[in-house]
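Please keep the sequence and the coordinates at hand while reading.

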Amino acid sequence: MGQTITSATDMISYAGELRRVANRAPATELAQKMQQSANQLEKAAINQVAKAAGPRLGALLDKMV
């Protein structure tokens, strides 16, 4: 079976790998599915980081803008 990815860094890394493979995939349908998977992994990673930052995230974003 597959391995579970739990860290945000690993999620982003694997999403990038999926995108690279999708760009080389000959089948359009397969490439689209890989792009969708990469998008979902990136969203999950962002959500995980946002939950960890909690209320400090708003203050951080205020400083960045």
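The chain has a mean pLDDT of 84, pLDDT being the predictor's confidence in each residue on a scale from 0 to 100, and 86% of the residues score at least 70. Because this is a predicted model, local features need pLDDT of at least 70 and side-chain atom pairs count only at pLDDT 80 or more, whereas totals for chains, interfaces and linings use all residues. Residues are numbered from 1 along each chain as its sequence is written, and side-chain values use heavy atoms, with hydrogens and water left out.

**Confidence by element**

- Among the elements of the chain, helix α1 has the highest mean pLDDT, 91, while helix α3, covering residues 56-64, has the lowest, 70.
- Where pLDDT is low, the predicted coordinates should not be read in detail.

**Fold and surface**

- The chain contains three helices and zero strands, where helices (H or I, at least four residues) and strands (E, at least two) are DSSP runs numbered from the N terminus.
- Read from the N terminus on, the elements follow the order α-α-α.
- Of the contacts between residues at least 6 apart in sequence, 42% join residues at least 24 apart, a contact being heavy atoms within 4.5 Å.
- The chain exposes about 5300 Å², of which carbon and sulfur atoms supply 57%; accessible areas come from the Shrake-Rupley method with a 1.4 Å probe, and for residues only the protein chains shown count as cover.
- Buried residues account for 20% of the 65 residues in the chain, with buried meaning under 20% relative accessible area, exposed over 50%, and partly exposed in between (1.4 Å probe, protein chains only).

- Leaving aside residues up to four places away in sequence, Ala8 touches Ala45, Gln48 and Val49.

**Salt bridges**

- The structure holds three salt bridges, each defined as a side-chain nitrogen of Lys or Arg within 4 Å of a carboxyl oxygen of Asp or Glu.
- Glu42 forms a salt bridge with Arg19, the closest N and O atoms being 2.6 Å apart.
- This pair links distant parts of the chain, with Glu42 in helix α2 and Arg19 in helix α1, 23 residues apart; Glu42 is partly exposed at 24% relative accessible area, and Arg19 is likewise partly exposed at 23%.
- Within helix α1, Glu17 and Arg20 lie three residues apart, about one turn of the helix, and their side chains meet in a salt bridge at 3.1 Å, N to O.
- Glu17 is partly exposed with a relative accessible area of 36%, and Arg20 is also partly exposed, at 46%.
- Lys33 and Glu29 form a salt bridge whose closest N and O atoms are 3.4 Å apart, and being four residues apart in helix α2 they are separated by about one helical turn.
- Lys33 is partly exposed at 47% relative accessible area, whereas Glu29 counts as exposed at 53%.

**Asp10 and Glu42**

- Asp10 is placed in helix α1 and is partly exposed, with a relative accessible area of 45%.
- Although Asp10 and Glu42 are 32 residues apart along the chain, their C-alpha atoms are separated by 10.0 Å.
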